[in-house]
Amino acid sequence: MHNTPLILSGRDVTAVLGPTNTGKTHLAIERMVAHSSGVIGLPLRLLAREVYGRVAEKVGTANVALITGEEKIMPPGARYSVCTVEAMPRQTDAAFVAIDEVQLAGDLERGHIFTDRILHLRGREETLLLGAATMRGILEKLLKGISVVTRPRMSHLAYAGSKKITRLPRRSAIVAFSADEVYAIGELIRRQRGGVAVVLGALSPRTRNAQVGLYQSGDVDFLVATDAIGMGLNLDVDHVAFAQTRKFDGFQYRNLNPAELGQVAGRAGRHTRDGTFGVTGQVDPLDEELVEKLESHMFDPVKMLQWRTAEFDFSNLDALARSIEALPPVEGLTRALPAVDAQALGFLSRDPDIRKLATTRERVSLLWDVCALPDYRRIAPAQHADIIGALYSDLARDGRVDEDYMAEQVRRADRTDGDIDTLSARVAQIRTWTFVSHRPQWLADPAHWQEKTREIEDRLSDALHERLTKRFVDRRTSVLMKRLRENTMLEAEISPSGDVLVEGHHVGELQGFRFTADRTAEGEDAKAVRAAAQKALAGEFEARAERFAACANGDLALGSDGALRWLGAPVATLVAGEEMLKPRAVLLADEQLTGTARDKVAARVARFVAYQVDTLLKPLVDLAAADPLDGLARGIAFRLVEKLGVIDRRDIANDVKSLDQQARGQLRRLGVRFGAYHVFIPALLKPAPAGLVTLLWAVANDGKEKSGFGDVVAAMAAGRTSVVTDPAFEREFYRLAGFRILGRRAVRVDILERLADLIRPALDWSPGSGKRPEGGYGGRAFVVTPAMMSILGATAEDMEEILKGLGYRAEPNDASAVAARLAGFDSATVAAEAPKGEGTGAGGEEAATNAEAAPAEASETASSSESPAVETPATDDDVPVAAPDKPEAAIAAAAEGPVGGADPDGGEPEEPKPVLVWRQAARPDNRQHGRGRNRGESTREGQEGGEKRGFRTKRPPKGAGKGAGKGGGKPPMQARPPRREAAVRIDPDSPFAKLAALKDKMGK
């Protein structure tokens, strides 16, 4: 070791100092290629790669070498070398030498390397030291005679204060100092602004280049980085925002000093374009004094440079350790803290196996060379020392690193699966073995391993770039925003299902004339999607309007929700108009549909809505426009239109009575039916018309959100003749669908007319007037039959509520008495129809006696109702009516539960429940229902017939005509017999069977 004082000289050395964006690196490149040979040292492998490309463009790749710890491109006869500072030779014969970012000589971790090159490495003809103006004093102190040139910044740098990350301007770089913080910021910007490029010191140069390329190309407008961007990376950054101002410098967490902040903030602004800087996130606004320093680039000078001796004593390990700890020879230098190599040497010096191997000067020197292996993985010093120890053992014993060991280490890194952190760790791992492969004489086949490790590093770097891009870049947003800025025509594609792709990226759906942006788009992404879609779809709306205006009715459909759809896509919705049958249609279209195109669409929608109403609700439309009607007929027509086709007959009973036959005929020809319980239009009692009627009412009365909208029509479409009512449903929906609520059930009004057809002959029959119809009970009374329950789909309890709702009153009678009375009626009928002489005798007398002995409460004391109409409703659901062959079944149908006989479980016999006998309830004016009609009305009305005031009207028997003859008088008029229906099979265990058994028992 030399004890002579260090003599330093600044002769032929020029320091070019100034803030960022002063063109210092560009100057160095120009000066180097002006010499016959040269070496330039740069702080980063990434920056070295960039400068290597620029020099190669000027002098050709055959004349320039790239030398870094992990990569060596050394063409034979290369005159220029681009190196990282660590890879620079300590002595050179090159005519020119340049060292960039010399202020890093004060860095605690790498500073001693920069200091060594500054103090000792010189060009034969010219030496340039490039860096911050803070280095002027210390350089002039250490290097006597040095020339200093200061260069002003080419653009202005200004403080922009604090901004939220989501409010930062385009072309911003956000600076943080931990991977977790970088990732969090990247995620936020991706969601809000479309994407971000990520630059971390741990990334491989290939990955960092790819990420920087994303930013420089304009695919993304934001960059998240560590302070690595302050190391000479040339980026088109307009604004730098600090999300953190504290970092771990390898030894401790500390605040960045003003010069370090200025180095990073100075990346804002390129050439003559001004830049801004500020803070974001949780960082407090910068104080005025610091801001002034950053804007004026006036920082405290560097007073000390990190130094470590380059004169190592390799006589033994202890001597080497002592030489490393040598004190600086001159003022202005301070001994550097133990670096990675020194820490590894300390661990290995305590290993007995290593000490046994390091016994000669050559072996100690070799150990020190191996300790120079960088710790790319940032693992614990002991772990890093173990790797160095394994390599040294192979080299000391065999002169080469073991091939199997090398292959195993490389194989472990050769995988591209995993997340960002996993891939980053593998990149760092392979970089270690890339460094090993470039060390001279360490491997038997270095070329093979250089190629192998480089291939794996590239593959891992590409995979890492892909993961970073996938996680932090929304490709769709970046592409769309770039195309919009370029103001180029966008390529749009619309799938048959309506998906819209712009430049190959899904941006939303176009349904009809309304575009819906992709719901996953947020923030800037959503803006880009909408803007791109609006531009790309500019001509599509007019083209669609033309096709829509010319489309057939079959391409359109009016849904139960009031939406008009074109080929499945909603284009309009109905709203209330001035009249119920004339709703308005509101277009569901974006503002891009304008002018003539919009008018064409609106006109086509209006024509289709009118067509639907005119077609499905033709009877209502005809009634509303029926000019020949006048007086009461017009009033009834108006009421029917107002009530959308169904009116309770009791509500207009007086008007109906007052109608003459001509007016009735006019209304019938318009589709109106006068039923026993309702005046209605049968053609509307079908699912399609009923659905439209319900929709029009709901539109006019804000009923689409009311409970039950559409549900009743659905039950009707399923073929239900009656349904159990839901108390939560709007009651009007039942009426609009043609149902009448009676108790807990709602029954279709046309089915009620069929019920009237069954009740009418039973009410009209009286003893002696012919064969008793099903349900007939001695005049103006009836009992419920299975046929009645069958057509309604109702139980006995339901029938009681239904009949009471229709205006009938019930009289409970003893089941056995009812059975006996019915048996007497039937016996008398049989006797009356027997040939003369056969009806006399004991049998006939007994039958007559039984009939006369019936209980008084079952006698004919109440008059009939107005004879119910017997028309068959014009519907397309004809429910078959099943009728029993025996009158007992009718009694059984009226019984509520078991009516007698043994308990089916073998218990004691139950008492028969009473049978309900039904009669017409008296009218409030003490006239019975059906009395007081206009004279002659029954004969003219036919099936609507009834009684004339004060006497009973009867129809002539079937087959009677004009040839009846006067002498015999007119035969008595009889009600039309009920339709013959299929017999009902009665379950032997049902109450009906028990009633029949009771009747048989009583007969015996």
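Reader: What makes the six strands β9-β16-β13-β10-β12-β11 an open sheet?

Author: In this predicted model, the six strands follow the order β9-β16-β13-β10-β12-β11 with parallel pairing. Strands are DSSP runs of E of at least two residues, helices are runs of H or I of at least four, and both are numbered from the N terminus. Two strands pair if DSSP finds at least two bridges between them. β9 (157–162) and β11 (197–199) stand at the edges with a single partner strand each, so one side of each has no neighbour in the sheet. Neighbouring strands of this sheet are turned by 20° against each other on average, direction ignored.

Reader: How do you know that β9 and β16 pair?

Author: β9 and β16 (residues 275–279) share four bridges in the parallel sense, and the definition asks for at least two. Ser162 stands opposite Val279 in β16.

Reader: Which helix packs on the sheet at β9 and β16?

Author: Helix α8 (residues 288–296) does, touching both β9 and β16. Its direction makes about 145° with that of β9. Contact means heavy atoms within 4.5 Å. Axes are lines fitted to C-alpha atoms, for helices over the stretch in contact, and angles run from 0 to 180 degrees between N-to-C directions.

Reader: Which strands does helix α6 lie across?

Author: Helix α6 (residues 205–216) lies across β10 (172–175), β11 and β12 (222–225), and runs at about 140° to β11.

Reader: Why is Gln666 called buried?

Author: The relative accessible area of Gln666 is 18%. Buried means under 20%, exposed over 50%, and partly exposed in between, with a 1.4 Å probe and protein chains only. Gln666 is therefore buried. Gln666 lies in helix α24 (residues 661–669) and touches Pro628 and Leu629, leaving aside residues up to four places away in sequence.

Reader: Why are Cys83 and Cys371 called buried?

Author: Cys83 has a relative accessible area of 1%, so it is buried. Cys371 comes to 0%, so Cys371 is buried.

Reader: What share of the chain counts as buried?

Author: Of its 1004 residues, 49% do. The chain has 35 helices and 34 strands.

Reader: What do the numbering and the values rest on?

Author: Residues are numbered from 1 along each chain as its sequence is written, and side-chain values use heavy atoms, with hydrogens and water left out. Local features need pLDDT of at least 70, side-chain atom pairs count only at pLDDT 80 or more, and totals for chains, interfaces and linings use all residues.
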